[in-house]
Amino acid sequence: MEDFRGGFRIFSPIREIREIRGLPSGESGDHLPMEIDHPARPHVGIIGAGFGGLEAAKHLGDKPVRVTVMDRTNYHLFQPLLYQVATAALSPADIAAPIRGILTKFENIEIILAEVHSVDVATRSVRTMENVFVYDYLIVATGSRHSYFGHDEWEKLAPGLKSLEDAIEIRRRILMAFEFAEKTPDPAARQAAMNFVIIGGGPTGVEMAGAIAEIARETLAKDFRHIDPSKSRVILIDGGERLLSSFPEDLSASALRQLQDLRVEVILGTHAKNVTEEGVEAGGEFIPSRVKVWAAGNTASFVGKTLGVPVDKAGR
């Protein structure tokens, strides 16, 4: 079956095979609709409805082009505040807005909920799990994911923070750690549950460390009967010489002072090693910890690697 949806020509695998082999289109009971004329306006495909993709779509709204936005979720996520969802300061709905609602006023834009698997530049086509879409121009704005520097097995032990699902899972782990500490009779297990390790001293790591410290020192300080959350250890580990290395030095110094005021232990010039369910090794010390959060590196979405063009180490 072949049809046109918002300017994307959708191919049926059966039809493609028949065309390749020169078979009649109507064999084996495959009833195809009549061909629909391809609209004259150029078609722009946008993969990803983050900040870049959404802004591009807005600029193309009501212009003489047809635009189709594809994203694997149907909401736009305000990522800078994910750490507040992860630390229970905000609910998921506070930082997510429907893509359709944002773009509904632009009649030349449609949204497709789909996860892109690859892009074929030669045929100007985008392949998802269900279909193959043809475009005239393509904007790839798929964002990034965590990079574990060759230790992908650490992801389930120390989740990163890139999506609502990540934030909700980290929030669950943090809150359940306090609940476990409240009921366990084992002092060592109790302390391990109250040790929170954040790996990576960039913006996400700094925000997470400060937010967890505020939860422990203030929000939950009086809510338990058998533990004192204010005695939790919050440890921030970074391999560089200073926090926020991409920022000016005075801002790095200010961030360090503010974290220290919250009694966050900052370990610099040391890389995390041996991440396990029991804890993490840093600077020759093994730190028992039930909750580890990864904020140490990013890598571009795999979609960019399917374009057949050179990419840097981060996949950009």
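This is a predicted model: local features need pLDDT of at least 70, side-chain atom pairs count only at pLDDT 80 or more; totals for chains, interfaces and linings use all residues.
Residues are numbered from 1 along each chain as its sequence is written. Local features need pLDDT of at least 70, and side-chain atom pairs count only at pLDDT 80 or more, while totals for chains, interfaces and linings use all residues; side-chain values use heavy atoms, with hydrogens and water left out.

**Exercise 1. Find which residues of the largest nonpolar core touch the most other members, and which elements supply this core.**

Step 1. Buried means under 20% relative accessible area (1.4 Å probe, protein chains only).

Step 2. The largest core holds 38 residues, and Leu-161, Ile-174, Phe-178, Ile-198, Met-208 and Leu-236 touch the most other members.

Step 3. Now look for the elements, which are DSSP runs numbered from the N terminus: helices (H or I, at least four residues) and strands (E, at least two). Those supplying at least two core residues each include helix H5 (164–183), helix H7 (203–219) and strand S14 (233–238). The largest share, eight residues, comes from H7.

Step 4. Zoom in on Leu-161. Leaving aside residues up to four places away in sequence, its contacts (heavy atoms within 4.5 Å) include Leu-82, Ile-170, Met-208 and Trp-294.

**Exercise 2. Work out where the buried residues of helix H2 sit around its axis.**

Step 1. H2 spans residues 51–60, and its buried residues are Gly-53, Leu-54, Ala-56 and Ala-57.

Step 2. These cover an arc of only 160° around the axis, so they lie on the same side of H2. The arc is taken from the directions from the helix axis to the C-beta atoms.

Step 3. What covers them includes strand S3 (43–47), strand S4 (66–71) and helix H4 (99–103).

Step 4. Just after H2, Asp-62 takes a positive phi of about 65°.

**Exercise 3. Describe the lining of the largest pocket.**

Step 1. On a 1 Å grid over the protein atoms alone, a pocket is an open set of points where a 1.4 Å probe fits, with protein on both sides within 12 Å along at least five of seven lines; lining residues have an atom within 4 Å of a point.

Step 2. There are 33 lining residues, and Asp-71, Arg-72, Thr-142, Gly-143 and Ser-144 lie nearest the centre.

Step 3. Elements supplying at least two lining residues each include H2, S4 and H5.

Conventions. A nonpolar core is a set of buried Ala, Val, Leu, Ile, Met, Phe, Trp, Tyr and Cys residues joined through side-chain atoms within 4.5 Å. Buried means under 20% relative accessible area, exposed over 50%, partly exposed in between (1.4 Å probe, protein chains only).
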